[in-house]
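Please view the sequence and the model together before reading on.

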Amino acid sequence: MKRIAVVILNWNGSEMLQHFLPSVIKHSQDMADVYVADNGSTDDTVSMMFHRFPHVKLIALDENFGFAEGYNRALKEVENEFVVMLNSDVEVTSGWLQPMLEYMDAHPEVAGCQPKILNYYNRAYFEYSGAAGGYLDCWGFPFCRGRVLNRVEKDEGQYDTVAPVFWASGAAFFIRRQDYFAAGGLDGRFFAHMEEVDLCWRLRARGRDLVCIPQSVVYHVGGATLSKSNPRKTLLNFRNNLLMLYKNLPARQLHAVLFMRFILDYVALCLFLVRGHWGDACAVRRARREYHFMKSSYRLVRRANLKLAKMDEIPERSRHSVFFYALFRRNKFRL
C-alpha cells in the first residue's frame, strides 16, 4: 500500500472518467493508489471501469450519497496515510503529488493542502472553484487567490508562493486521513457544495493549518456536473452556507452575521428576479426555509465545534466583505 490514495468520486460520469482518468493514472500511480468511488451510477460506469481500467480500485456505493457523504463512505474503505479527493473533471500534471507530499512531511502542523487550480479550457487563467487557495469574507462568502466574486485572474505567477489558506478546494484536496476523520469528515447532510469549506473551518478553528502549494498544478473543467445557473446548486450553496455559519461562528459574531446575511440573501433574491432567473430566486427562498428547519438539529454540533475550537479569530478570514472589491474596483485578491 502506498502512502497516498487518490480517490475520485463519480456519479454517472463514465465519459468524464474515460477522458481524465488516464492522466491521473499516468502521473499518480508511482506514488499513489488510485480509486474510483462510484456513487450508485445508473450509466455504464461500473462495467466501463472493469473493461477499460481493471487495475484501478473500484469502491461501489449502492446509491448516490452526494459529494459529502459519498466521500465519507469511500474514505472509510481506504487505509492510506494521505488521501486526495479529486474531481472526475480534473487533469493532473507530471509530478503533481510530489510537492504536496514533501510539504506535508516537512510540516506536521498542516492538515491539508491544494494545488494551483487552472482552467482546463483557458489554461492561462485560474479556475473559479479553488484557484490558488480559498478564503472567507466577514459575511461568510468564499473567495480565492485568483478569484474574487466572478472575476477570475490570469495566472502570471503572482501567487506562486506557498500560502496559508482558510479552505482548500474539494476539486483537489490533499489531506491527512487522520485529520479528516478527527474533524468529523464532510457534513453528509450538506449533500454537495460548501462541504469542504465547512470541514476546513473546523480544522482551522482546532489549530490545524491549511495551505496552497502552487508548485503542484492541475487543470479543472469546473461546472462540469452542475451548471452555475442551476437552481439546485443555488439552493445548496445558500442553505449550506447558512448552516456552515451557524455551526462554526463564535457566539459574539453569530447574530450580526446572520442578520446581515438575511439582508444580503434577499438582495440576491431580488437580483435573480430582475434578471429573470425565477428558479434561482425561488431556490434562495427555499434555502432559507430549509436552513431554519434544519438549524435546530445542528445545536449540539455547534456546541461541540465551539468547545473544540482553539481560536475564534482565524487569520485567513477577512475582516472585509468581498463586495468591497466590487464597490472600489479592487477586483484582485487582497486579504
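The sections below treat a pair of helices and then a selection of salt bridges in this predicted model.

## Packing of helices H1 and H2

Two packed helices are described by the angle between their axes and the distance between the axes. For helix H1 (residues 14–28) and helix H2 (residues 45–52), the axes come within 9 Å and cross at roughly 30°. Because angles under 35 degrees count as roughly parallel, H1 is roughly parallel to H2. Their crossing is right-handed.

On the H1 side, the contact is made by Ser14, Leu17, Gln18 and Leu21, and on the H2 side by Thr45, Met48, Met49 and Arg52. Four of these residues are nonpolar, three are polar and one is charged.

The model contains 19 salt bridges. One of them joins lysine 2 to aspartate 33, with the closest N and O atoms 4.0 Å apart. Lysine 2 belongs to the segment before strand S1 (4–10) and aspartate 33 to strand S2 (residues 32–39), 31 residues apart. Lysine 2 is partly exposed, at 32% relative accessible area, whereas aspartate 33 is buried, at 9%.

Aspartate 160 and lysine 116 form a further salt bridge, at 2.8 Å from N to O. Aspartate 160 sits in the loop between strands S10 (151–152) and S11 (163–164) and lysine 116 in strand S6 (residues 110–119), so the pair ties together parts 44 residues apart in sequence. Aspartate 160 is partly exposed, with 35% relative accessibility, while lysine 116 is buried, with 6%.

## A salt-bridge network

Asp187, Asp198, Arg202 and Lys247 are joined in a network of salt bridges.

Technical notes: Residues are numbered from 1 along each chain as its sequence is written. This is a predicted model: local features need pLDDT of at least 70, side-chain atom pairs count only at pLDDT 80 or more; totals for chains, interfaces and linings use all residues. Side-chain values use heavy atoms; hydrogens and water are left out. Axes are lines fitted to C-alpha atoms, for helices over the stretch in contact, and angles run from 0 to 180 degrees between N-to-C directions. Helices (H or I, at least four residues) and strands (E, at least two) are DSSP runs, numbered from the N terminus. Angles under 35 degrees count as roughly parallel, over 145 as roughly antiparallel, 65 to 115 as roughly perpendicular and the rest as oblique. A crossing is left-handed if the near helix is turned anticlockwise from the far one by less than a right angle, and right-handed if clockwise. Contact means heavy atoms within 4.5 Å. Ala, Val, Leu, Ile, Met, Phe, Trp, Tyr, Cys and Pro count as nonpolar, Asp, Glu, Lys and Arg as charged, and the others, Gly among them, as polar. A salt bridge is a side-chain nitrogen of Lys or Arg within 4 Å of a carboxyl oxygen of Asp or Glu. Buried means under 20% relative accessible area, exposed over 50%, partly exposed in between (1.4 Å probe, protein chains only).
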